Amino acid sequence: MNKDLESLVLSEDQIAEKVKDAAAWLDERFKAGDTPPLAISVLKGSVFFFCDVVRAMQTPVQLDFMTVSSYGSSTKSTGVPKIVMDLSSSVQDRDVILIEDIVDSGHTLVRMKELIMGRGAKSFTVVSLFDKPARRAVPIRADYSCFEIGDEFIVGYGLDYAQQYRNLPYVGILKREIYEK
Ligand code: PRP
């Protein structure tokens with residue numbers, strides 16, 4: 001385990017199980033229809049979870065990417081998610097699957113829902129690896145969350161602190177001394 005972590009939250013094997021369950025849930029919800037759903041990765045945090053989930057799905061999906069950022073280099077959300085890079089496809093009349101690494105304050109999800117539904121999507125389904133309900137500032141939740149956590153600062157498997165630790169293949173709790181120094 002990385003020396004800056006105080007404990008492990010999800011090992012690689014546990015992540016693989018969560019991915020399989022999330023993909024099965026999506027397959028059940030989106031049985032092959034005429035138009036494949038559009039799976040959107042909310043970058044950067046969801047990058048690995050997104051890739052793993054869509055590859056584990058049996059249902060055909062199309063892929064798109066959006067970069068949204070509200071944390072900068074801090075551990076606290078600014079509350080104003082910024083669209084850094086927009087989608088390249090239209091969501092008009094599409095079933096949209098939004099894939100997130102974590103729902104924390106909920107601001108990002110609210111912003112994404114407004115944006116996607118405002119552009120005429122047919123439906124909006126959210127799958128998130130983590131849910132941190134204790135920090136919710138706005139009443140919104142994912143349709144499917146793999147793992148609920150308390151108010152700990154977690155990193156790895158896409159999740160960062162100041163853009164670091166994203167490439168750890170597991171998720172762990174960051175030592176307080178790292179972000180409080
Ligand atoms: C993180 C995470 C979610 C969002 C959740 O993204 O990936 O998108 O915060 O927090 P919220 O519920 O409080 O809005 P961040 O803005 O840190 O950008 P990143 O994905 O590039 O790390």
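Here are a few notes on this predicted model, for someone looking at it for the first time.

1. Start with the two helices. Helix 1 covers residues 12-29 and helix 2 covers residues 47-56; they pack at an angle of about 55°, and their axes lie 8 Å apart. That angle makes helix 1 oblique to helix 2. As for handedness, the crossing of helix 1 past helix 2 is right-handed.

2. Which residues make the contact between these helices? From helix 1 you get Val 19, Ala 22, Ala 23, Leu 26 and Asp 27, and helix 2 brings Phe 49, Asp 52, Val 53 and Ala 56. Sorted by class, the contact of helix 1 with helix 2 has seven nonpolar residues, two charged ones and no polar ones.

3. Next, have a look at the largest nonpolar core, which has 29 residues. The members touching the most other members are Val 9, Phe 49, Val 53, Ile 97, Phe 130, Ile 154 and Val 171. At least two residues of this core come from each of strand 1 (5-10), helix 1, helix 2, strand 5 (95-103), strand 6 (123-131), strand 7 (144-148) and strand 9 (171-174). Helix 1 gives the largest share, with five residues.

4. Phe 130 deserves a click of its own. Setting aside neighbours within four places in sequence, Phe 130 is in contact with Val 9, Leu 10, Asp 101, Ile 102, Val 103, Phe 147, Ile 149, Ile 154, Leu 159 and Val 171.

5. There is another core too, lying apart from the largest one. This other core has 19 residues, including Met 66, Leu 87, Ile 116 and Ile 140.

6. Now for some backbone details. Most peptide bonds are trans, and most residues other than glycine have a negative phi. The peptide bond from Leu 43 to Lys 44, however, is cis, with omega near 0°. You'll find Lys 44 in the loop between strand 2 (38-43) and helix 2.

7. Where does Tyr 157 lie? Tyr 157 is in the loop between strand 8 (154-155) and strand 9. Its phi is near 50°, a positive value in a residue other than glycine. Tyr 157 has a relative accessible area of 5%, so it counts as buried.

8. Ala 162 also lies in the loop between strand 8 and strand 9. For Ala 162, phi is near 50°, again a positive value in a residue other than glycine. With a relative accessible area of 31%, Ala 162 is partly exposed, whereas Tyr 157 is buried.

Key:
Residues are numbered from 1 along each chain as its sequence is written. This is a predicted model: local features need pLDDT of at least 70, side-chain atom pairs count only at pLDDT 80 or more; totals for chains, interfaces and linings use all residues. Side-chain values use heavy atoms; hydrogens and water are left out. Axes are lines fitted to C-alpha atoms, for helices over the stretch in contact, and angles run from 0 to 180 degrees between N-to-C directions. Helices (H or I, at least four residues) and strands (E, at least two) are DSSP runs, numbered from the N terminus. Angles under 35 degrees count as roughly parallel, over 145 as roughly antiparallel, 65 to 115 as roughly perpendicular and the rest as oblique. A crossing is left-handed if the near helix is turned anticlockwise from the far one by less than a right angle, and right-handed if clockwise. Contact means heavy atoms within 4.5 Å. Ala, Val, Leu, Ile, Met, Phe, Trp, Tyr, Cys and Pro count as nonpolar, Asp, Glu, Lys and Arg as charged, and the others, Gly among them, as polar. A nonpolar core is a set of buried Ala, Val, Leu, Ile, Met, Phe, Trp, Tyr and Cys residues joined through side-chain atoms within 4.5 Å. Buried means under 20% relative accessible area, exposed over 50%, partly exposed in between (1.4 Å probe, protein chains only).
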